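Subject: Structure for your review

Dear colleague,

Please find below the structure that I am handing over to you, with its sequence. My findings follow directly after it.

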Amino acid sequence: ASDVYKRQPAARTEFTVAALKVMPALGDSAANYERFETFARQAAAGGAQLVVTPECYLDGYMGSPKFRPGMTRERMLQAHTEAIDGTTLRKVAALARELKLHILFGFSERRGDGLFNTVALFGPDGALVGRYSKSHPLPGELYDAGGELPVFDTALGRMGILICFDRQPPENARILALKGAQFIVVPAYGKVREPMDEDVLMQSRAHENGVCIVYVSQHNAFVADPDGVITDQARSDTRDMLMFGRVVLDERIHNRSSYRVRHPELYRPLLDSTAAGK
């Protein structure tokens, strides 16, 4: 990341994001896709350029025994997963192409013998830009851990992605910023509704890294700007809706002292997995 400090501020760009603050049906992929398509068409009509679903939207987050008692990995793989090129994902790609949208779509992915909590990113031409799989699944979840923290070049800007608990370890957002992410999208599902766990935490990640953050769960969706200010938000435990927000990428991106003034030689303990709890 030595080139980070040489990178010149990008010219100001901005775009509209539409986040599905929607509770998915449990285990009903067909119904969830139909609702997604309806909302995506509304998003496109409303001028959105990026549409984002909550975590594991397609299946309703069936891979967490905490939320789905009795669920097993075997049942997940048989009944509640899809491959990246599966039938529903092809429909999402076709919809992105038809509506000329960027779409970030959450699902439980079957990849060989692996089971991943994944979001697929499609461009407005319908092509798969890439995918991100949750890197920090919680103990007890059925998902395998993804092994990467990628950043994606898009026509909207450089996008990083974290899924739900991935937002908690501060290193994740910092790594994405050091890789050049200008905005980070965080699809989530969890049932914790405390502002500290969502609003305040995401405001802090935005502020300390000088990035925009788009957060979307089934009960809360918002945009935080690089100053850590929430500029657009929809919050409700009962009403499904689209949250339209404006993401502004300007001279504030990465222009934060806590990001620019760093001393990596002091951070070597971060690489020592035995140092936890000391």
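The loop between α3 and β3 contains Lys 100. In this predicted model, the phi of Lys 100 is near 55°, which is a positive value in a residue other than glycine. Lys 100 is exposed, with a relative accessible area of 63%. A second case is Cys 164, whose phi is near 50°, also positive in a residue other than glycine. Cys 164 belongs to the loop between β7 and α4. With a relative accessibility of 11%, Cys 164 counts as buried, because the limit for that class is under 20%.

An open sheet of six strands runs in the order β5-β4-β3-β2-β1-β12, and its pairing is mixed. The edges are taken by β5 and β12 (241–249), each of which has a single partner strand, so one side of each is left without a neighbour in the sheet. On average, neighbouring strands of this sheet are turned by 30° against each other, direction ignored.

Within this sheet, strand β1 (residues 13–21) pairs with strand β2 (residues 50–52) in the parallel sense, over three bridges. Ala 18 stands opposite Val 51 in β2. Helix α1 (residues 29–45) packs on the sheet and touches β1, β2, β3 (102–111) and β12. The direction of α1 makes about 45° with that of β12. Helix α3 (residues 87–99) packs on the sheet as well, touching β3 and β4, and its direction makes about 170° with that of β3.

Strands β4 (residues 114–122) and β5 (residues 128–133) pair in the antiparallel sense over five bridges. The bridge partner of Leu 121 in β5 is Gly 130. Five residues lie between β4 and β5 in this hairpin, and Gly 126 in the turn has a positive phi of about 85°.

Which residues does Ala 93 touch, not counting those up to four places away in sequence? They are Phe 122 and Gly 126. Ala 93 is found in helix α3 and is buried, with a relative accessible area of 11%. Ala 93 and Phe 67 are 26 residues apart in sequence, and their C-alpha atoms are 29 Å apart in space.

Strand β8 (residues 183–187) and strand β9 (residues 212–216) run parallel and are joined by five bridges. In β9, Cys 212 is the bridge partner of Phe 183.

Nonpolar cores

The largest nonpolar core has 48 residues, and those with the most contacts inside it are Leu 50, Phe 183, Ile 184 and Val 247. Strand β9 gives the largest share of this core, five residues. Not counting residues up to four places away in sequence, Val 247 touches Thr 13, Glu 14, Phe 15, Val 17, Phe 183, Cys 212, Val 214 and Val 223. A second, separate core of 26 residues includes Ala 48, Leu 95, Leu 99 and Phe 105.

Helix α4 and the largest pocket

The largest pocket holds about 590 Å³ of space. It is lined by 22 residues, of which Glu 171, Arg 174, Ile 175, Tyr 267 and Leu 270 are the closest to its centre. The elements that give two or more residues to this lining are α4 (170–178) and α5. The largest share of the lining, six residues, comes from α4.

The buried residues of α4 are Asn 172, Ala 173, Arg 174, Leu 176, Ala 177 and Leu 178. They pack against β6, β7 (157–161), β8, α5 and α6 (257–260). After α4 comes Gly 180, whose phi is positive, near 105°.

Yours sincerely

Technical notes:
Residues numbered from 1 in each chain as written. Predicted model: local features only at pLDDT ≥ 70, side-chain atom pairs only at ≥ 80, totals over all residues. Heavy atoms only, no water. Pairing = 2+ DSSP bridges. Helix = DSSP H or I, 4+ residues; strand = E, 2+ residues; numbered from the N terminus. Core = buried A, V, L, I, M, F, W, Y, C linked by side-chain atoms within 4.5 Å. Buried < 20%, exposed > 50% of the residue type's maximum accessible area, 1.4 Å probe, protein only. Contact = heavy atoms within 4.5 Å. 1 Å grid on protein atoms, 1.4 Å probe; cavity = no way out; pocket = protein on both sides within 12 Å on 5 of 7 lines; lining within 4 Å. Points joined across faces, edges and corners; volume = space filled by probe spheres on them. Axes fitted to C-alpha atoms, helices over the stretch in contact; angles between N-to-C directions.
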